[in-house]
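Welcome! Please take a look at the model below, and then we will walk through some of its parts together.

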Amino acid sequence: MKAFSNVHPAVCMTYFLSVLLVSMFVPHPVLQAEVLFGGALFCALLGGRRASFRDLGFYVPLFLMVAVTNPLFSHNGVTPLFFLNGNPVTLEAILCGISIAVTVIGVLLWCKCYSFIMTSDKFLYLFGKPIPKLSLVLSMALRFIPVYIRQSRRVSRAQKAMGLYSGKSIVDRVKNRMRVLTAMISWSLENAMETSASMKARGYGGKKRTSFFPFRFRTSDGVLLAGTIVLLAVTLAGAAAGVTDFNFYPRVGVIGNSSAAVAVYAAFGALCLLPSALEVKEAVTWNYFVSRI
Amino acid sequence: MKKDILAVFGIVLILAVLINGTHVQSVDEYYLTHIDDITPESKTVTLSIRCDTILRNYDDLDPALRSEEFVPKDGVIMPPTEYVLRDGDTVFDILERAVRHGRIQMEFQGAEENPFGSVYIQGINYLYEFSCGPLSGWMYRVDGEFPSRGCSRFELCDGQNIEWVYTCDLGQDVGAEWIKESGGQGK
């Protein structure tokens, strides 16, 4: 059991929203690095070491692709490195591309952590009352992706068992994927029909129904919520005051090191490392108790 | 295995076409060090680039550009300079030659990407469209008049005077009056 999974859903939601909000709307190199580091650490703690290494194969190419794409389209900047078809490729554009790539991957990692922690029952608990239809649709749509992956593995295994495209060549493997994909499209249409039939059979949309959720708002949740809000407030106040203003064009700006700027970096850094710290603390406590037995 | 070799061959072919289509130049190669010399019998035009209007609207300017490096104190990015006019040269040809000779940064949208079928100048000397308010951008004047044509469609004659000016108010602060009447497009 992960420590952050036991936190009250409302606190989790506030926490994830505040990290994502800052990381997407405050473009500053230090904050972006903190988002990436915090996200990667938390992801590694949640998913385990082996899964994290496997993910690197996805994130590193993505990083390079985003970082290289920006200088191809943005030609502003005072330091041209060379000219491509008459257009300058500038140092500033490359740095800006790297910063965008860091943000994209940081946000992806945090979204991954979100899907680990905020299971669909928690989402329904939070939003089932105020927006019943939308929250049901959202939780079903989010659930669809893991279900889709599981089903596609199943189809692919079945095809392999039948001896289709079991060759080692890459072309064969790509062909197999395409075949699985077509099977998946018809399966997903069928699945949608079945889902709606099943919902009808269970009386969805009929009388008002009650539900049970095992969530309790504890004192520790209150402390965590207060901490999140304070750290977010410090960060947002800094952003509103222009402490985190940063620009890449036409010349890369200077990373501020005034006391206000350092305070903002520290506050947001603490916010990003909060769940990882919680996990570590939980693991230490657990090991301590185990050693006492 | 045979199929894999074929696939690799196809990828290599695509890469070769891509690499063949790109043309890499070093910085010094790109900026011309030598342009046509002016001889008594050569046709010439005069070109200047100015951004005085920014000095009057300094508060609207993007904070990152508030430096003398990007906005000169007198507003002159390039003083009136004579350039040799080759046959069929448009305003854009002269501007491109001038900025490459003068090592001035310039970015443009090519004629084929532009809905008006003409080159659009996005920025000169790091001053881009919308850098100084929502109505700002580059416009050009030939002998004191704003042509209602794109700069790569305006062919020049001997002795004409081209001025590239930065506007912060859709041309009205640099004296382009036709915009009021026709509501037409700049550049």
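## Where the chains meet

How many residues of chain A are in contact with residues of chain B? In this predicted model, 14 residues of chain A are in contact with 16 residues of chain B, where contact means that the C-beta atoms of two residues, placed from the backbone, lie within 7 Å. On the side of chain A that touches chain B, β1 (80-84) and α7 (170-201) each supply at least two residues. The largest share, 4 residues, comes from β1(A). By class, this side of chain A has 9 nonpolar, 5 polar and no charged residues; here Ala, Val, Leu, Ile, Met, Phe, Trp, Tyr, Cys and Pro count as nonpolar, Asp, Glu, Lys and Arg as charged, and the others, Gly among them, as polar.

A few notes on reading the model: residues are numbered from 1 along each chain as its sequence is written, while chains are lettered from A and ligands numbered from 1 in the order in which they are written. Because this is a predicted model, local features need pLDDT of at least 70 and side-chain atom pairs count only at pLDDT 80 or more, whereas totals for chains, interfaces and linings use all residues.

## Chain A at a glance

Chain A has 9 helices and 2 strands, which are DSSP runs numbered from the N terminus (helices: H or I, at least four residues; strands: E, at least two). Their order along the sequence is α-α-α-β-β-α-α-α-α-α-α. The C-alpha trace of chain A spans about 65 × 55 × 50 Å along its principal axes.

Of the 293 residues in chain A, 24% are buried. A residue is buried if 20 or more other C-beta atoms lie within 10 Å of its own, exposed if 12 or fewer, and partly exposed in between, with C-beta atoms placed from the backbone. Among contacts in chain A between residues at least 6 apart in sequence, 71% join residues at least 24 apart.

## Two helix pairs in chain A

Helix α5 (residues 120-127) and helix α6 (residues 132-161) of chain A pack at an angle of about 165°, with their axes 9 Å apart. Axes are lines fitted to C-alpha atoms, for helices over the stretch in contact, and angles run from 0 to 180 degrees between N-to-C directions. α5(A) and α6(A) are therefore roughly antiparallel to each other, a label for angles over 145 degrees. In their contact, A:Ser120, A:Phe123, A:Leu124 and A:Phe127 of α5(A) meet residues of α6(A) including A:Leu138 and A:Leu142.

Helix α8 (residues 219-240) and helix α9 (residues 259-292) of chain A pack at an angle of about 145°, with their axes 9 Å apart. Among the residues making the contact are A:Gly227 and A:Leu231 of α8(A) and A:Ala267 and A:Leu271 of α9(A). Here the division is 11 nonpolar, 4 polar and no charged.

The largest nonpolar core has 40 residues, and B:Val91, B:Ile94, B:Leu95, B:Ile124, B:Leu127 and B:Trp164 touch the most other members. Such a core is a set of buried Ala, Val, Leu, Ile, Met, Phe, Trp, Tyr and Cys residues joined through C-beta atoms within 7 Å. Its largest share, 6 residues, comes from α4(B).

B:Lys43 lies in the loop between α2 (27-30) and β2 of chain B. B:Lys43 is partly exposed, with 16 other C-beta atoms within 10 Å. Not counting residues up to four places away in sequence, B:Lys43 touches B:Leu85 and B:Asp158.

Notes: Parallel < 35°, antiparallel > 145°, perpendicular 65-115°, else oblique.
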